[in-house]
Amino acid sequence: MNAFAFPAIRGVQAGRAYYVVMVPLGAVGSLLRFNDGAVPDELRAQRRLNKSRIPAIVRYITSNPREYVLSALTATIDGGFHFEPSDTNGPLRSIGTLSVDMTATILVNDGQHRRAAIIEVLRERPHFTHETVAVTLFPDHGLERSRQMFVDLNQHGVKPSRSIRLLYDARDERAKLSRAVVDWVPLFRDMTDFGRSNLTASSPKLFAFSNLHTAVSTFASETGEVDEARVIEFWAAVAEAIPDWGLAHRGQMTPAALRREKVHAHGVALEAIAIAGARLLNDPRLDWRAAINRLGNVDWARSNSALWEGRALLVGRINRSRTSVMLTAEKIWSLTRNGADASAQVG
């Protein structure tokens with residue numbers, strides 16, 4: 001029999017055998033098929049190919065040739081195949097060679113975007129040909145079974161939170177800068193949640209790392225500041241300037257209470273402070289440290305609708321839109337720059 005032969009591991013799920021093989025990237029396009037084109041949705045077993053997703057995967061692989069990681073593709077075999085174990089007894093009975101008839105169809109059930117990206121990568125970088133990707137192969141049991149496989153493979157997948165991605169990303173220079181701010185400013189180190197991007201009402205943390213990162217990154221962009229020490233100095237000054245944050249840090253006020261009562265306990269304020277602070281820092285006529293200290297005089301109460309409604313608030317609720325951030329930043333800049341008693345200024 002004319003067949004493709006793969007070193008393989010055999011496993012069992014739900015009483016059915018399946019196989020994990022290593023496929024050279026150069027063979028992915030020819031070996032693994034994907035039904036797209038004019039195939040109607042009612043006859044397909046996976047989502048349509050979204051071509052806009054492919055360039056990002058290609059850039060990821062080509063930009064990180066020594067570090068890229070591709071998870072296994074999943075496919076079904078429609079046709080003849082045979083598994084020959086290395087031994088009939090012991091642990092090697094699950095390791096062997098999978099021979100797949102050349103006339104068989106190996107159809108991708110999950111991973112079509114990775115497959116398409118691999119094909120594009122090889123056009124740019126042919127030397128990737130001999131690298132491999134794992135493919136999990138299941139015997140084909142018809143369209144209904146293939147559809148159910150697609151649902152089962154995708155319905156429980158949970159994308160990691162933005163906070164987690166930023167915490168783990170060693171390539172993002174701005175994320176490194178945000179981590180440095182957290183490491184060097186005790187308030188942020190102790191009161192930042194790295195696992196969630198949206199804090200629960202009862203969270204004991206005051207900031208989500210994703211929100212803090214947005215603020216740090218915005219400040220760096222607005223000032224053009226790349227000196228880590230200078231960025232840390234700014235955010236340390238901000239942390240010292242807002243008394244409520246210190247109370248929460250010392251356990252004298254709960255973060256939950258601050259979220260209910262104060263604007264400064266939300267991402268819109270963090271980002272607005274970054275923008276206003278950058279303007280203060282960029283103005284050589286101003287003492288930016290003295291201006292930042294005036295953040296402590298601002299009436300941050302959400303009940304102060306005259307100050308925050310139409311800016312950080314919309315009908316009494318926190319509003320994180322770009323317009324809200326900019327209007328809030330403008331007000332913070334005005335209050336801190338002028339040096340008056342900011343708690344008395346409204347409108």
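Threonine 218 is buried, with a relative accessible area of 13% (buried means under 20%, exposed over 50% and partly exposed in between, using a 1.4 Å probe and protein chains only). Threonine 218 sits in helix 8, where helices (H or I, at least four residues) and strands (E, at least two) are DSSP runs numbered from the N terminus. What does threonine 218 touch, leaving out residues up to four places away in sequence? Glu271, Ala274 and Ile275, with contact taken as heavy atoms within 4.5 Å.

Keep in mind that this is a predicted model, where local features need pLDDT of at least 70 and side-chain atom pairs count only at pLDDT 80 or more, while totals for chains, interfaces and linings use all residues. Residues are numbered from 1 along each chain as its sequence is written, and side-chain values use heavy atoms, with hydrogens and water left out.

**The whole protein**
- Of the protein's 347 residues, 46% count as buried.
- Take the contacts between residues at least 6 apart in sequence: 70% of them join residues at least 24 apart.

**Helix 8 on its own**
- Helix 8 is mostly covered, with 13 of its 15 residues buried.
- At 1.5 Å a residue, the 15 residues of helix 8 should span 21 Å, and its end C-alpha atoms are 21 Å apart, which agrees; the expected span is 1.5 Å times one less than the number of residues.
- Just after helix 8 comes glycine 224, which takes a positive phi of about 70°.

**Helix 8 with helix 6**
- Helix 6 (residues 173-184) packs with helix 8 (residues 209-223) at an angle of about 110°, their axes 9 Å apart; axes are lines fitted to C-alpha atoms, for helices over the stretch in contact, and angles run from 0 to 180 degrees between N-to-C directions.
- The crossing of helix 6 and helix 8 is right-handed, meaning that the near helix is turned clockwise from the far one by less than a right angle, with anticlockwise being left-handed.
- On the helix 6 side, the residues in contact include Leu177, Val181 and Val182, and on the helix 8 side they include Phe209, Leu212 and Val216.
- By class, the contact of helix 6 with helix 8 has eight nonpolar, four polar and two charged residues (Ala, Val, Leu, Ile, Met, Phe, Trp, Tyr, Cys and Pro are nonpolar, Asp, Glu, Lys and Arg charged, and the others, Gly among them, polar).

**Helix 12 and its partner**
- Helix 12 (residues 267-282) reaches 23 Å from its first C-alpha to its last, close to the 22 Å expected for its 16 residues at 1.5 Å a residue.
- Because 14 of its 16 residues are buried, helix 12 is largely enclosed by the rest of the structure.
- Helix 9 (residues 228-241) packs with helix 12 at about 115°, with axes 12 Å apart.
- The contact involves Arg230, Phe234, Trp235 and Val238 from helix 9, plus Leu270, Ile273, Ala274, Gly277 and Leu281 from helix 12.

**Phenylalanine 128**
- Phenylalanine 128 is found in the loop between helix 3 (112-124) and strand 8 (132-139).
- Phenylalanine 128 is buried, at 1% relative accessible area.
- Not counting residues up to four places away in sequence, phenylalanine 128 touches Leu25, Ile61, Pro65, Tyr68, Val121 and Leu122.
- Phenylalanine 128 and proline 65 are 63 residues apart along the chain, and their C-alpha atoms are separated by 8.8 Å.
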